[in-house]
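This briefing is for a reader new to the structure. Please look over the sequence and the model before going on to the notes.

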Amino acid sequence: MISDEQVEMLISDLLEQYGYDFTGYSRASLKRRISRLYSLDKALSFAEFRYHIYNDQAYFKRFVEQITVNVTEMFRDPSFFKTLRDVVLPKLGTYPFIRIWLAGCSTGEEAYSISIMLKELNLLHKSLIYATDLNPAVLEKAAHGMFAMSQMKQYSENYILSGGTQDFSTYYTANYSLAKFDEELKQKIIFSTHNLVSDHSFNEFQLILCRNVLIYFERDLQHNVLDLFDESLEDLGYLALGTKETVDFSRIAKRYKRLPGHKIWRKVDHEGM
Amino acid sequence: MGGSAGSLEVLLRVLSEVRSDLSFPIIIVVHRKHGADSLLPSLLASRTRLIVKEADEKEMIVAGTVYVAPSDYHLLIEQDRTFSLDYSEKINYSRPAIDATFQTAAEVYKNKLVCLLLSGSNADGVIGLKCVKAWGGQAVIQDPASAQVAYMPEQAKLQVEIDRILGIEDIAEFINLLS
């Protein structure tokens with residue numbers, strides 16, 4: 001198995017050779033992912049594994065794809081999406097133009113979920129969803145808009161629990177084992193690479209969603225990323241995090257007011273508003 | 001402590017008998033359905049004077065506290081003795097998976113770790129126990145004969161060199177004598 005020292009070697013190789021900075025990632029999860037790939041790919045030795053990552057661009061891509069967690073679903077945590085639908089998006093609907101950043105979008109399931117809700121609220125035509133991830137391979141999948149047919153029952157249930165009232169199956173066409181989502185849904189989604197660790201703010205948004213990404217970062221990096229979100233969010237904009245994530249204890253906490261009962265914060269321009 | 005089907009009753013009983021001045025933390029990973037959110041910690045808290053809480057990410061692990069893995073996340077332990085959470089693939093059809101917590105705890109606590117596997121219907125936790133042994137910790141199981149669902153402790157017994165096999169009535173006393 002992989003040792004702590006070997007994990008550190010790989011982290012410094014990635015930074016040196018490819019400019020990918022994993023130094024701020026929580027180690028326990030990273031180590032598990034690396035160990036998993038190491039046994040999955042049946043590397044003969046650590047030296048060989050390391051050499052391969054360092055020198056083989058294609059394998060490096062696989063490495064990054066495999067050590068980052070890309071588990072996601074449509075309308076995951078339906079009560080969260082219900083709050084988006086009932087509270088947040090109608091508020092944003094009063095703006096002439098809506099810009100949303102979905103950071104760490106992985107294979108795109110949440111981007112399509114948001115697109116569906118915007119369409120149902122009649123807001124899609126004036127919205128843009130920037131869906132970003134550090135990993136080009138998952139973005140390619142996301143852009144195809146095709147998800148496993150076997151997931152559709154679960155997603156349909158999530159959709160209904162989140163307040164959806166249409167027949168969910170009208171949003172996709174079945175193509176053997178895949179469900180292909182309507183082109184219309186992705187017309188307003190821009191899939192693009194962005195690394196939260198090293199890339200800067202690239203626009204101003206009214207809503208930023210980043211769910212279950214910060215859990216993989218150490219505290220300092222979490223705070224830096226929250227600063228980045230703060231720079232990228234308009235006043236009165238919303239920031240949505242995962243069920244177990246928070247802005248509490250960060251530098252931006254005092255400017256953010258939480259929607260009671262939800263992991264959604266609103267940026268207020270002065271305290272006590 | 002890890003368990004699945006049939007482990008809740010055992011946990012409730014054990015916690016009611018565990019002394020309230022423990023010099024170490026207890027970490028509990030129980031399989032449960034996603035969405036059954038904060039019920040488990042409060043249920044367990046009703047049986048003990050120890051502090052019982054859901055583990056938060058980056059939280060420092062302190063003695064005398066009972067931590068419960070949140071539903072739908074793997075609970076990992078970092079070298080600096082904080083928790084981290086992980087939303088990667090289910091392991092043994094489970095998230096949280098007992099293996100993930102046992103394995104990461106093994107590397108951190110080494111011979112200061114005791115892992116206890118309770119009643120359950122799949123083999124989650126068995127690989128974790130092997131890892132615990134490899135790092136010098138103790139592997140303990142609930143006596144399969146006393147388990148509502150024997151499969152989990154039975155598999156551990158078959159595959160791992162177990163240090164102790166305990167009946168339900170002996171678990172709390174065993175814990176109380178650890179230090």
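Which residues does B:Asp124 touch, not counting residues up to four places away in sequence? They are B:Ser4, B:Ile91, B:Asn92, B:Ser94, B:Ala97, B:Ile98 and B:Asp99, where contact means that the C-beta atoms, placed from the backbone, lie within 7 Å.

This is a predicted model, in which local features need pLDDT of at least 70 and side-chain atom pairs count only at pLDDT 80 or more, while totals for chains, interfaces and linings use all residues. Residues are numbered from 1 along each chain as its sequence is written, and chains are lettered from A and ligands numbered from 1 in the order in which they are written.

**Around B:Asp124**
- B:Asp124 sits in the loop between strand E7 (114–117) and helix H4 (126–134) of chain B; helices (H or I, at least four residues) and strands (E, at least two) are DSSP runs, numbered from the N terminus.
- B:Asp124 counts as buried because it has 27 C-beta neighbours inside 10 Å; the cut-off for buried is 20 or more other C-beta atoms within 10 Å of a residue's own.
- Between the C-alpha atoms of B:Asp124 and B:Glu154, which are 30 residues apart along the chain, there are 12 Å.

**Domains of chain A**
- Chain A has domain 1 (4–67) and domain 2 (78–145 + 182–267), with bounds from an automatic or database domain assignment.
- Taken over C-alpha atoms, the centres of domain 1 and domain 2 of chain A are 28 Å apart.
- Eight residues from domain 1 of chain A and 10 residues from domain 2 of chain A make up the contact.
- On the domain 1 side of that contact, helix H4 (residues 57–67) of chain A gives the most, with three residues.

**Between the chains**
- Chain A puts 10 residues in contact with 16 residues of chain B.
- Helix H2 (residues 27–40) of chain A supplies the largest share of the chain A side, three residues.

**Nonpolar core**
- The largest nonpolar core has 128 residues, and A:Leu102, A:Ile208, A:Leu239, B:Ile28 and B:Cys115 have the most contacts inside it; such a core is a set of buried Ala, Val, Leu, Ile, Met, Phe, Trp, Tyr and Cys residues joined through C-beta atoms within 7 Å.
- Both domain 1 and domain 2 of chain A give residues to this core, so it lies between them.
- Among the residues that B:Ile28 touches are B:Met1, B:Leu11 and B:Val66.

**Helix H6 of chain A**
- In H6(A), 10 of the 12 residues are buried, including A:Tyr112 and A:Leu118.
- A:Asn122 follows H6(A) and has a positive phi, near 65 degrees.

Key:
Contact = placed C-beta atoms within 7 Å.
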